[in-house]
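Biologist: Please take a close look at one part of this model, the place where two of its chains meet, and describe what the contact is made of.

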Amino acid sequence: MQSASSYVLSAVGIDKVFPGARALDRVDFSLARGEVHALLGENGAGKSTLVKCLTGAYRRDGGRILLDGGEVDPRDTLEAQKLGIGTVYQEVNLLANLTVAENLFLGRQPRRFGLVDAREMNRRARALLSEYDLDIDVTAGLSAYSVAVQQVVAIARAVDLSGKVLILDEPTASLDTHEVALLFRIVRRLKERGLGIVFITHFLEQVYEISDRITVLRNGQLVGTRETAALPRRDLIAMMLGRELVGEVGSGNRHAAPGGDVRYRFRGFGRKGHIRPFDLDVRTGEVVGIAGLLGSGRTETAEILFGAERADSGTAEADGRPLDLSSPRAAIREKFGFCPEDRKVDGIIGDLSVRENIALALQARRGWARPLSRGEQDRLADHYIRALDIRTSDREKPIRLLSGGNQQKAILARWLATNPDFLILDEPTRGIDVGAHAEIIRLIEELCEKGMSLIVISSELEELVAYSSRVLVLRDRAHVAELAGERVTTGAIVEAIAASDGRAGT
Amino acid sequence: MNARYLPLTATVAIFLAAYLVCVLQYPNMLSTRVIGNLLTDNAFLGIAAVGMTFVILSGGIDLSIGAVIAFTGVFLAVLLQATDIHPLAAFALALLVTTAFGALMGAIIHHLDMPPFIVTLAGMFLARGMAFVLSIDSIPVRHPFYATLKGLYYKLPGGGRITLIGGLMLVVFAAGILIAHRTRFGANVYALGGGAATAELMGVPIGRTTVAIYALSGFLAGLSGIVFSLYTSAGYSLAAVGVELDAIAAVVIGGTLLTGGSGFVAGTLVGILIQGLIQTYITFDGSLSSWWTKILIGLLLFIFILLQKGLIHVTERRRRHA
Amino acid sequence: MSATLKAYARRLFPQVAALAVILLMVSLAFPGFFKLEIQNGRLYGSLIDILNRGAPVALLAIGMTVVIATKGIDLSVGAVMAICGAVAAACITSGYGLAATLAITLGTGVLCGLWNGLLVAVLDIQPIIATLVLMVAGRGIAQLVTEGAILTFNDPGLIFIGSGSFLGLPMPVVIWLVFGLAVALVVRRTALGMLIEALGVNRRAAMLSGVSTGVLLIAAYMLSGLCAAIAGIIAAADIRGADANNAGLWLELDAILAVVVGGTSLLGGRFSIAASLIGALIIQAINTGILLSGFPPEFNLIIKAAIIVLILVIQSPRAQSAFVWFSRPRATAAGKAGEEAK
Amino acid sequence: ADLTVGFSQIGSESGWRAAETTLTKQQAEERGIDLKFADAQQKQENQIKALRSFIAQGVDAILLAPVVATGWDEVLQEAKDAEIPVVLLDRTVDAPDDLYLTAVTSDLVHEGKVAGQWLVDTVAGKDCNVVELQGTTGSSPAIDRKKGFEEALAGHANLKIIRSQTGDFTRTKGKEVMESFLKAEDGGKNICALYAHNDDMAVGAIQAIKEAGLKPGTDILVVSIDAVPDIFQAMAAGEANATVELTPNMAGPAFDALEAYRKDGKAPPKWIQTESKLYTQADDPMKVYEEKKGLGY
Ligand SMILES: Nc1ncnc2c1ncn2[C@@H]1O[C@H](COP(=O)(O)OP(=O)(O)OP(=O)(O)O)[C@@H](O)[C@H]1O
Ligand SMILES: Nc1ncnc2c1ncn2[C@@H]1O[C@H](COP(=O)(O)OP(=O)(O)OP(=O)(O)O)[C@@H](O)[C@H]1O
Ligand SMILES: [Mg+2]
Ligand SMILES: [Mg+2]
């Protein structure tokens, strides 16, 4: 293979110990110039921790880092940036209170006469983002944009910062196929320029599409590094999980609409400025998928169904009985559940333990005067930690210390614990590893069989197709198409979105 | 207009409306005298509030400024009384001390990872305690240079004056606006307020920035102390009690969020003027008892905040539906 | 069960240790410090003074802890103390019975809390500024009631609350102990504690999980108002008069300090009422220690500042982790990342 | 009203201050003066602002109860330039005396001296340990009343101030500090007399003495300053021994001087000193109490 000197970045024997958990155990990793190197592993395997050790966000407990053959020791991320390492950390790590342009150029703003030249900065920001087909107002606050846009901005910033190495920790988790394609185009271009690129993801198709080599971690240990071309998918999964995976996603197909009656009926449901009024019927035991481009109003549909935003028109009924969906609390009383898209802002209660995070919604529904006993909480937490395979050293660990995917599972557990009749999942499998992915989809199917109705929003069309009996397509904050039965295929969905796209373009 | 300027615009609009109401009731309030007084009388508060704005923008708080103002006053008075040092040298010395004091608090906040509220509360005790130790008496300053400085003013038609200290406040505000919006340090302050951990991941030197922010606040509190010393020609250890709360109120009325990361230095100026206006109005009225004065101040504060909220809410709604 | 007890002990250890150190320091400056004797059927001594004089701050700290846990702050408690003291004195002197007086006074405190709560929860005004309104206006309201004078009273029942004793302990001590225990129990034996913590850490996520954040917020401020009312009654009963001008002046800062010394973060979330109560005792121990030591009053503030800094340095996360061997190389940025989930 | 007078009051930090405000308003009303009242909430800067506002409004005269002695030159000069006479109430300022018309004040040092002299006379040569409750640290009454008292005690070796702490002029702090004095001085057996810089602290301290099982007024002599109504009740009960009056009616003489000045331009003396009258238990305290209690203390 390559000689040692051709490695732009190599790490030898990296150790990282957290109280109660050994996150990295003598991990070796090397990144060649001009290669895309996928870093894979289950949730909690230590991928993000390795990245943070390499970029100085964490102090490692042992091991050496070599950049261009010379030993480096970045003390903080600023130093890593100066060394030419650009990083997109997991979760969007940008500042919502700054403008898009300020986020892009923080710490390296163009200056004139010693003062920041805002006009020049905005100009450059627009130029930078145009490479990603993003034509947005860069002087607006970042918080005005969806997670996906923020993700693109984060990527643009990191790419612009990276002189030698670009590290992408789950950059595609909230991106659509279109954005992913754009990203890959840029990655390939950087690769040609001789950059080393580390790419972390749970989407195996993307791994095979873009990466040259693969390194797999499991439980903080290095399993091995392989050439992508020489590693079949089955073997890769076995490497990651340490076992064979039975029944990966994409097998089961529930296109046949379930025979149940329409249970939930929404008529003219909508809210000015958020989502155009729409009609929606959901049967018992049915999964309705929602597809659309970024910003098409999927999340807004979910929020309005759950009462997080109050609908200002239309009616909702269950079995002919009117529903009160004026607030999340009211919705929960109607046995609704909602697993939000942005887990950091809307989902986790960072300082509370995994146990409390799982018990929270159930407890809130019971009211403060009827506390779940500690025993019950423990049982609940243990059950879901096992059922969803949440990797945590113990259930009392503050949830913010869990890996991203495991946080996602804990939020899902929170809602499953309430045993809802109507569950809305906004990007439920984002950042979840293959093993758990299969697990969750199995769970969804099981829940449906038990009579729960589900709305699932996902950018992964294959996943949507796999378990939805109907798929709604959104565009410009309006429901524009509904595919049912045999028409629920990726092709048809893409077509429906594209058709609307075409219309929007004219 | 950009949505980010909404709170600022709302505040300015409310100030102008309130001023109009006052003038309709007391035409005298339009005199240049009142306007000049508004600047001169609030100069020390305004200067200190600029520092407070930076601190709050970064997500912190500085409770020590009132005590630092008092300390600076006593320090100058004692120094000028006991030695022959020129006031300008004394000013420089005082600024050095207060800046170092601020930097020390910043260093403690950052390196020991302690909440600013408590560190600066201890700083407040310490600064006032130091003032007491220097002297519990109020000490007049009789240096001729003070008289010279006070003689510098720009006379407005109608008897009003823009005094040196009033002008200085405007200069400090201008400088503050420049620093906040046109320097990398300013951007780092906003970044820190948006989230220290995220800012650190983005490569903001948070340690250096934190120390600099509190040093700046200390410097401006010291400058404010010098202004206060000029304003009263004296040093007094019980002076400027509770100024920090007035400053915080001005900053918040000016549209800055206490959670950090969002707001404007210019807004603080309007906040100061609004508070000054409330006070002037109450004095012009002159019929209120001590207790009704307090109640009215609270009430007017409440109304201003409410108006601001309402205005922002309505505009945002309209924007959304447009 | 013993595991929770152990966790509890670990949580309170720094506060208890700090208190012990301060008491020792005071006893060095003043040898008779630990002397306790029975006088007129009640315990008498400097230690009892600390418990007794600490009563207002301890009571305020109870409410303040809960408010701070919701990521709020209540600057108005001092003014509410003044209002409630004034109301109590006005009621009792105008012929209401003791029970009616107490009911009206406590009701007034709760009402003040309700006002703050509405401002914060419904109008969404930042807590510090929302409560600043009542902090400024409240003292005026109290003076309106007393017309600026000290409204004295002679009702033995009301006076008993300030200077009577029960089981050998001064009434104020009994009151804050019992009330603190009661609130701590209610909060921890029901789900309130957890819901409040969830609300404080991430209000939006808590709301989306079905927590009635608005009601909880308002309740927290109402509790704080109630605490201030009790503290106000005690302060008035103590001097047999309502001093609207000075009752509770700047006590809000002491209460906040007590909560922080007790280790509850001003960023909301995890809280411990017991730790705050110990924090209040620490502050009172400093105050009493200064008085006993005989230094001239000019030095009071410096001594206080020095001791507070010392305690906080010892309690600071950095210093603590320096004690713990395995966390020698520390996590930097990402370790704190969760702290600002907005 | 033909005369508009601005009155810048310090604040309302004590009963005495409230009484002064009440009496000033009463006096103004009786004389048909339009009084513009401004409460400064204990802040000098607010007083300066108020004075400037008065000048801007063009009042006919200004009453000023200055919170602190220094720092008035500039604003007084402005008033003078605007030909508005200023009368100082209750405390004087550290400024050239041509900047104000006159000052109606008591002599704070003298008050302390009267209290001290009473104590010297009462103990008559016996050894006596005195504890002192100071006013707010740094405030001029605290400084001057301490000074006057010490002057009176100078040369009397039998009288010794053994402890001195601030009680912030309040009852609560007076009580708390006295409690610690009692603990620190052998349960109070070591203390023969208490000197408090105002009556409120004395009232608080009296309660502390009683709760410690001692008799105030007998076991521990109590002397204080201000002569607010409540101290007369205590004196009637034999729990306090003496107080030095600081009259809250400063406005009466001030208005007299102003009116005379306006009528025939006759400048009054620069200092109109009010009486610092000593009251003891022998002065029929109940009667004085009845007289005083309606005055808004
Ligand atoms: N600050 C911390 N304190 C304690 N434990 C931590 C901390 N950060 C991470 N961990 C633990 O280290 C392990 C590795 O986490 P890491 O975030 O690296 O996983 P990951 O491979 O990135 O997973 P994912 O795919 O879910 O993002 C996890 O078990 C996590 O709980
Ligand atoms: N590509 C974009 N260009 C401009 N604005 C966008 C874009 N994407 C999203 N937004 C803005 O972000 C807001 C939030 O979008 P929202 O999250 O509701 O969309 P979504 O359909 O749920 O998309 P996703 O869940 O994939 O992020 C939208 O209202 C829109 O104004
Ligand atoms: Mg990760
Ligand atoms: Mg979405």
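Modeller: Between chain B and chain C the count of salt bridges is 0, in what is a predicted model. Polar contacts are found across this interface, where the rule gives 4 residue pairs, both residues of each being at pLDDT 80 or more. The side of chain B that touches chain C draws two or more residues from each of several helices of chain B, namely α5 (87-111), α6 (116-134), α9 (184-194), α10 (196-201), α12 (243-253) and α14 (290-321). Sorted by class, that side of chain B holds 33 nonpolar, 12 polar and 5 charged residues. As for extent, 50 residues of chain B are in contact with 47 residues of chain C, and the two chains bury about 4200 Å² between them, with 80% of that area on carbon and sulfur atoms.

For a view of another site, the second largest pocket holds about 700 Å³ of space, and its lining is made up of 35 residues, among which A:Phe203, A:Glu205, A:Gln206, A:Glu460 and A:Glu462 lie nearest the centre of the pocket. In chain A, the helices α6 (177-192), α7 (204-210), α15 (434-449), α16 (461-467) and α17 (490-505) each contribute at least two residues to this lining. By class, the lining of the second largest pocket comprises 12 nonpolar, 12 polar and 11 charged residues, whereas the side of chain B that touches chain C has 33 nonpolar, 12 polar and 5 charged ones.

Technical notes: Residues numbered from 1 in each chain as written. Chains lettered and ligands numbered in written order. Predicted model: local features only at pLDDT ≥ 70, side-chain atom pairs only at ≥ 80, totals over all residues. Heavy atoms only, no water. Contact = heavy atoms within 4.5 Å. Buried area = accessible area lost by both parts, 1.4 Å probe. Salt bridge = Lys/Arg side-chain N within 4 Å of Asp/Glu carboxyl O. Polar contact = N/O pair within 3.5 Å; in protein donor to acceptor, adjacent residues only side chain to side chain. Helix = DSSP H or I, 4+ residues; strand = E, 2+ residues; numbered from the N terminus. Nonpolar A, V, L, I, M, F, W, Y, C, P; charged D, E, K, R; others polar. 1 Å grid on protein atoms, 1.4 Å probe; cavity = no way out; pocket = protein on both sides within 12 Å on 5 of 7 lines; lining within 4 Å. Points joined across faces, edges and corners; volume = space filled by probe spheres on them.
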